[in-house]
Amino acid sequence: MRSSNRNWLTLGGAASLLASCGSEQAVAPPAPRPATPVTAPAVADEPVKIGEPYSVGGKTYVPADPVNYDEVGYASWYGEEAIGKPTANGEDFVPSAISGAHKTLPLPSYVEVTALGSGRTILVRLNDRGPFSDDKLIDLSRSAAEQLGITGDGAAAVRVRQVNPPEQEKALLRAHHRAPERIETPQPLLKVLRGRLAQVPASQPAQVQAARPVIQAIPAASSASRPGVSFDAPAPPTPRPAPKTTAPVKPVSGGYVVQVAALSSQSRAEALARQIGAHAVAAGPVWRVRYGPYPSQEAAQAGVKAAAAKGFANVRVMANDAR
């Protein structure tokens, strides 16, 4: 009887498959994306931290846990340049994790981030403070920006909405994996969200964040209201300045260098080098951001101090092989 039942099930499944193939309305599901290998250990959500007010660049930010957080603005992203650096809640930054930085929401928090250009929405776990500029709402890890499809050189218009997702999805993000993407945002809602964006200052091109201050957050209880926004004005286009091309820095051999970062993107390496007064050197598919060269290891300590002043600790002094 079991064998007979199995045959009937097999025939039924085949019939269903043929029926679905013959339907004009059948839509193939998107191909799953390969999972990014992750070696970092999973993190915890407890304790949730809000923290006291803090100041960066002469501006004071007041962490809070609003009842309903739902804002539009601009997103930038950061990646390899922050590998191994501690986030504001004490975790190590992992570029392959779906994480983000926010100025005031509790750490950790979970937010749905929607790209207002495409309507694509992903789940992001906040574990850091930033971005510390008035024209940015959220900073995303490299992998989060890739999942959202906004890894271009310019900042992207987004909606950020605080949510309380199912525990299974939280566990995926704590283990540095991706949660399932949300249903694509309908066009009528996107139109409304783009209208809200008109109240937000236009964003400048995304800048590499050379030094992300570590904010010592402590458990606290607070709440804050947020100003209302208008839904009437049309959304302004995101400024896209003409790309600038710069010639690669010719490597200089001999002596010693202080290496700050190794990035896969030339534009991000050059942006970081300009921001911290270093130089970017091509090394095959990788761009290295370095100070130097210096005639000796002792002289290279000047580069170590320069890197530390820009927020880069534990940099490497290495022989300059011009590679």
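Colleague: Are Asp135 and Lys136 buried or exposed?

Modeller: Burial is read from relative accessible area: buried means under 20%, exposed over 50%, and partly exposed in between, with a 1.4 Å probe and protein chains only. Here Asp135 is buried, and Lys136 is buried as well. Keep in mind that this is a predicted model, in which local features need pLDDT of at least 70 and side-chain atom pairs count only at pLDDT 80 or more, while totals for chains, interfaces and linings use all residues. Residues are numbered from 1 along each chain as its sequence is written, and side-chain values use heavy atoms, with hydrogens and water left out.

Colleague: What does Asp135 form with Lys136?

Modeller: They form a salt bridge, with the closest N and O atoms 3.6 Å apart. The term stands for a side-chain nitrogen of Lys or Arg within 4 Å of a carboxyl oxygen of Asp or Glu. The whole structure has 13 of them. Asp134 also makes one, with Lys59, at 2.6 Å between the closest N and O atoms. Asp134 sits in the loop between S6 and S7 and Lys59 in strand S2 (residues 59-61), so this pair ties together parts 75 residues apart in sequence. Asp134 counts as exposed, at 60% relative accessibility, whereas Lys59 is partly exposed at 37%.

Colleague: Which residue forms a salt bridge with Asp70?

Modeller: That is Arg196, with 3.7 Å between the closest N and O atoms. Arg196 belongs to helix H4 (residues 187-197) and Asp70 to strand S3, 126 residues apart. Arg196 is buried at 6% relative accessibility, and Asp70 is buried at 14%. Salt bridges can also join into a network, as they do for Asp45, Glu91, Arg125, Glu167 and Arg174.

Colleague: How many helices and strands does the chain have?

Modeller: It has six helices and twelve strands. These are DSSP runs numbered from the N terminus: H or I over at least four residues for helices, E over at least two for strands.

Colleague: Which strands make up the closed barrel?

Modeller: First, the general idea: strands of a sheet pair through backbone hydrogen bonds, either parallel or antiparallel. Two strands count as paired if DSSP finds at least two bridges between them. In this model a closed barrel of six strands runs S3-S7-S4-S6-S5-S8, with mixed pairing. For a close look, take S5 (residues 109-115) and S6 (residues 121-128), which pair in the antiparallel sense over six bridges. Thr114 has Thr121 in S6 as its bridge partner.

Colleague: Which residues have the most contacts inside the largest nonpolar core?

Modeller: A nonpolar core is a set of buried Ala, Val, Leu, Ile, Met, Phe, Trp, Tyr and Cys residues joined through side-chain atoms within 4.5 Å. The largest has 28 residues, and Val113, Val124, Ile138 and Leu140 have the most contacts inside it. Elements giving two or more residues to this core include S3, S5, S6 and helix H2 (142-148). A second, separate core of 18 residues includes Leu263, Ala269, Ala273 and Ala307.

Colleague: Which residues of helix H5 are buried?

Modeller: In H5 (residues 266-276) they are Arg268, Ala269, Glu270, Ala271, Leu272, Ala273 and Ile276. They pack against strands S3, S9, S10 and S11, where contact means heavy atoms within 4.5 Å. After H5 comes Gly277, with a positive phi near 75°. S10 is mostly covered, with four of its five residues buried, and S10 pairs with S11 in the antiparallel sense over five bridges.
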